[in-house]
Amino acid sequence: MRAVVWEGPRRLAVQDVPDPRIEEPTDAVIRVTATAICGSDLHLYDHGAVMMMKPGDILGHEAMGVVEEVGAEVGHIKPGDTVVVPFNISCGDCYLCRRGMYSQCETTQNWAGRKGGSLFGYTHMYGGVPGGQAQYLRVPQAHFGPIRLDGGLAEMAAVLLSDVLPTSWQAVEYADVPDGGSLAVLGLGPIGQTCVRIARHRGAGQIIALDPEPDRRASALAHGATDVVDPDAVDTVAAVQELTSGRGADSVIDAVGMDSSGSVVDRVLQTAKLTPDRLHALRDAMGCLRRGGTLSVIGVYGGWYPLWPLGDLFDRQITVRWGQANVRRWTDTLVSLLEQGDPLDAAELVTHQVPLEQAPDWYRRFRDKEPGVRKVVLRP
Ligand SMILES: NC(=O)c1ccc[n+]([C@@H]2O[C@H](COP(=O)([O-])OP(=O)(O)OC[C@H]3O[C@@H](n4cnc5c(N)ncnc54)[C@H](O)[C@@H]3O)[C@@H](O)[C@H]2O)c1
Ligand SMILES: [Zn+2]
Ligand SMILES: [Zn+2]
């Protein structure tokens, strides 16, 4: 089959690789019909070498398709069914899965490296499981993971159930915005865009959306943001304070993660290795919060970072909630919402559908944030 493989930093190829097959009674194999590129894939694109990617690894964790074959212990799906596959690989039945912490599944947890549950296409830290940007995908723990779709959902909304919709739902849930309260969303890629829509749907009063990219700010404004801010043009913290009576927002979501851009000074310091990290967005996010507010970090961070402002978080009584999305915890709610007329206008989040063979070019265009390129779905 054909698959998108990582060859080295910023080097991808679409290659012939062996077809997957059933290896365990809890496996399924699906023929992939749609598979998206995620902001999380961009961390691998840029820094895969330090994130334990190996040349030849198949990328992708956002896939849907048609079931080809199931193992003996897989009962809820059968060949011919259309399914979407959550990016977490979870058993559904261990101590942590039973508490809805599917990203921490004890059956697929990577004990040796002290990492959580395995993920599709996401490095040897998370199981080294071949990903879904391919013609076929082997799905481990398929007796629990895949969600059968009964034909009622728009295909481009359905594929986003693998990650974007549940991840953003969790980010808003964890942000704990008071009824009618204020929320600042940093980063308006697919995740931040969806957070804005979900927050509006769930009753936030003021939604301040921040991103350096003008088309991403415009899209957020068209879908529920009340204010937009360009973090490259102004002092972000001061701008959010000014919009919130000098107090700061009740809740803030960091939907940027470890590849945040910073000021020109920051960039020079980073290039010269005079500053140890790229936590610009996280620092801004903490600064934008009011005292007693809640910070929800959905952007991905890896490794160790010094200079965490513990004293400030203590003094201001900040609550921080974060982590990998527990996809299956939110998908039933989301499927009902999509079936009830889709108030999130989810299918519209996908801006491009392109052939799998063009993946390397579209990774670059998504990474470079070409105007209008906000969510790309590959067609095998
Ligand atoms: N926790 C999870 O389970 C989970 C799941 C999916 C994605 N993610 C993470 O969420 C983050 C967003 O994903 P995405 O697909 O939307 O990615 P993306 O790369 O498309 O979006 C990131 C956005 O942040 C903006 N940005 C950069 N620096 C900024 C700054 N200083 N202030 C404000 N905005 C800034 C960029 O312009 C871009 O629009 C990534 O870190 C991704 O890895 C986490
Ligand atoms: Zn993703
Ligand atoms: Zn489990």
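A: In this predicted model, 19 residues of domain 1 are in contact with 19 residues of domain 2, where contact means that the C-beta atoms of two residues, placed from the backbone, lie within 7 Å. On the side of domain 1 that touches domain 2, helix H1 (39–47) and H10 each supply at least two residues. The largest contribution to that side comes from H1, with five residues. By residue class, the side of domain 1 that touches domain 2 has nine nonpolar, five polar and five charged residues. The classes are nonpolar for Ala, Val, Leu, Ile, Met, Phe, Trp, Tyr, Cys and Pro, charged for Asp, Glu, Lys and Arg, and polar for the others, Gly among them. Helices (H or I, at least four residues) and strands (E, at least two) are DSSP runs, numbered from the N terminus.

Residues are numbered from 1 along each chain as its sequence is written, while chains are lettered from A and ligands numbered from 1 in the order in which they are written. Because the model is predicted, local features need pLDDT of at least 70 and side-chain atom pairs count only at pLDDT 80 or more, whereas totals for chains, interfaces and linings use all residues.

Domain 1 consists of 2–163 + 325–379, and domain 2 of 168–322; such bounds come from an automatic or database domain assignment. Taken over C-alpha atoms, the centres of domain 1 and domain 2 are 26 Å apart.

H1 also has a set of buried residues: Gly39, Ser40, Asp41, His43, Leu44 and Tyr45. A residue is buried if 20 or more other C-beta atoms, placed from the backbone, lie within 10 Å of its own, exposed if 12 or fewer, and partly exposed in between. The buried residues of H1 pack against strand E1 (2–8), helix H4 (190–201) and helix H11 (359–367). In the loop between H1 and strand E4 (57–58) sits Val50, which counts as exposed, with 11 C-beta neighbours inside 10 Å. Val50 and Thr123 are 73 residues apart in sequence, and their C-alpha atoms are 9.9 Å apart in space.

The other helix to follow is H10. The axes of helix H3 (residues 164–175) and helix H10 (residues 327–339) come within 9 Å and cross at roughly 100°. Axes are lines fitted to C-alpha atoms, for helices over the stretch in contact, and angles run from 0 to 180 degrees between N-to-C directions. H3 and H10 are therefore roughly perpendicular to each other, given that angles under 35 degrees count as roughly parallel, over 145 as roughly antiparallel, 65 to 115 as roughly perpendicular and the rest as oblique. H3 contributes Leu165, Pro166, Trp169 and Gln170 to the contact, and H10 contributes Val327, Trp330, Thr331 and Leu334. These residues of the contact of H3 with H10 comprise six nonpolar, two polar and no charged.

Ile147 lies in strand E8 (residues 147–149) and is buried, with 21 other C-beta atoms within 10 Å. From C-alpha to C-alpha, Ile147 and Val84 are 5.3 Å apart in space, although 63 residues apart in sequence.

Asp342 is found in the loop between H10 and strand E15 (352–355). Phi of Asp342 is near 50°, a positive value in a residue other than glycine. With 15 other C-beta atoms within 10 Å, Asp342 is partly exposed.

On from H3, Gly181 is found in the loop between H3 and E9. Gly181 is buried, with 20 other C-beta atoms within 10 Å. Leaving aside neighbours within four places in sequence, Gly181 is in contact with Ala204, Gly205, Asp250 and Ser251. Asp250 is 69 residues from Gly181 along the chain, yet the C-alpha atoms of Gly181 and Asp250 are separated by 6.4 Å.
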